[in-house]
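Here's a quick briefing to read alongside the structure. Take a look at the picture, then work through the points one topic at a time.

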Amino acid sequence: MSNRTISIDDRLYRYLLEHSLRETPEMRALRETTATLARAHMQISPEQGQFMALLVELTGARRIIEIGTFTGYSALCMARAMPPDGELVCCDVSTEWTAVGIPFWERAGVRERIDLRIAPAVDTLDTLIAVGGSGTFDMAFVDADKEASLDYYERCLQLLRPGGLVMFDNTLWSGSVADPADQDADTIALRELNRTLHADQRVSISLVPIGDGLTLARKR
Ligand code: CA
């Protein structure tokens, strides 16, 4: 099959990184620090971070919401790509994990662009809506508890302006979404998200097979 997405083996993946990845010392240091931690698999891949940063540049996003910040690599990628007066609202429930990233945000000179909110993301999103934030955001990145994906989706849609972009991470879930034998709660939730996005005419979509699958949905 030639007209399909290429399979990437280790050799080709190394080539892709060697010929496209541009990481600053802070980005690399944060990624390598995170790689030593217990939940390192939750960090996005560096080429995905670079892709998301390019999307920030392409859309000129000035206001972004991130749901699920973990140790802050994706936030660092996006914040660097924003203008100096940009605002990135980061939602996470863990002070422990997010504390890992803060020194790297500072070293990169983007700490002031990041508004870190330690609380359940639904609460933070509802607060943003309550204070008049609907229609004022340019972009959202959703990478948190998968069972709440649709709750996050509806709130992000409301907070985004028309033409705004919401990105969902892990939509291929290591291939599990296509394995009927996998009935794990997260897998079921991601299948439901994928089904919903596919049918939802309020957005234009593309499921990009980068990292663990990144679905882009542009609010119409
Ligand atoms: Ca993820």
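**Cysteines**

Cys77 counts as buried because its relative accessibility is 1%. Keep in mind that this is a predicted model.

- There are 0 disulfides in the structure.
- Cys77 isn't in a disulfide: the nearest cysteine sulfur belongs to Cys90 and sits 12 Å away. A disulfide needs its two sulfur atoms within 2.5 Å.
- Cys90 isn't in a disulfide either, with the sulfur of Cys91 as its nearest cysteine sulfur, 7.5 Å away.
- Cys90 has 0% relative accessibility, so it counts as buried too.

**The calcium ion**

- Which residues hold the protein donors of the calcium ion? They are Asp143 (OD), Asp143 (OD), Asp169 (OD) and Asn170 (OD1), and they lie 2.3 to 2.7 Å from the ion.
- Along the sequence, the donor residues follow the spacing D-x25-D-N.
- Asp169 is buried, at 5% relative accessibility, and Asn170 is buried with a relative accessible area of 12%.

**The sheet and its helices**

- Seven strands make an open sheet with mixed pairing, in the order 3-2-1-4-5-7-6.
- At the edges you'll find strand 3 (114–118) and strand 6 (203–208), each pairing on one side only.
- From one strand to the next, the twist averages 15°.
- Strand 5 (residues 160–169) and strand 7 (residues 214–219) run antiparallel and are joined by 5 bridges. Met167 has Leu216 in strand 7 as its bridge partner.
- Helix 5 (residues 95–107) packs on the sheet, touching strand 2 (87–92) and strand 3, and its direction makes about 165° with that of strand 3.
- Helix 7 (residues 149–159) also packs on the sheet, where the strands it touches include strand 1 (63–67) and strand 4 (137–142).

How values were computed: Residues numbered from 1 in each chain as written. Predicted model: local features only at pLDDT ≥ 70, side-chain atom pairs only at ≥ 80, totals over all residues. Heavy atoms only, no water. Buried < 20%, exposed > 50% of the residue type's maximum accessible area, 1.4 Å probe, protein only. Donors = N, O, S within 2.8 Å, 3.2 Å for Na, K, Ca; no water. Pairing = 2+ DSSP bridges. Helix = DSSP H or I, 4+ residues; strand = E, 2+ residues; numbered from the N terminus. Axes fitted to C-alpha atoms, helices over the stretch in contact; angles between N-to-C directions. Contact = heavy atoms within 4.5 Å.
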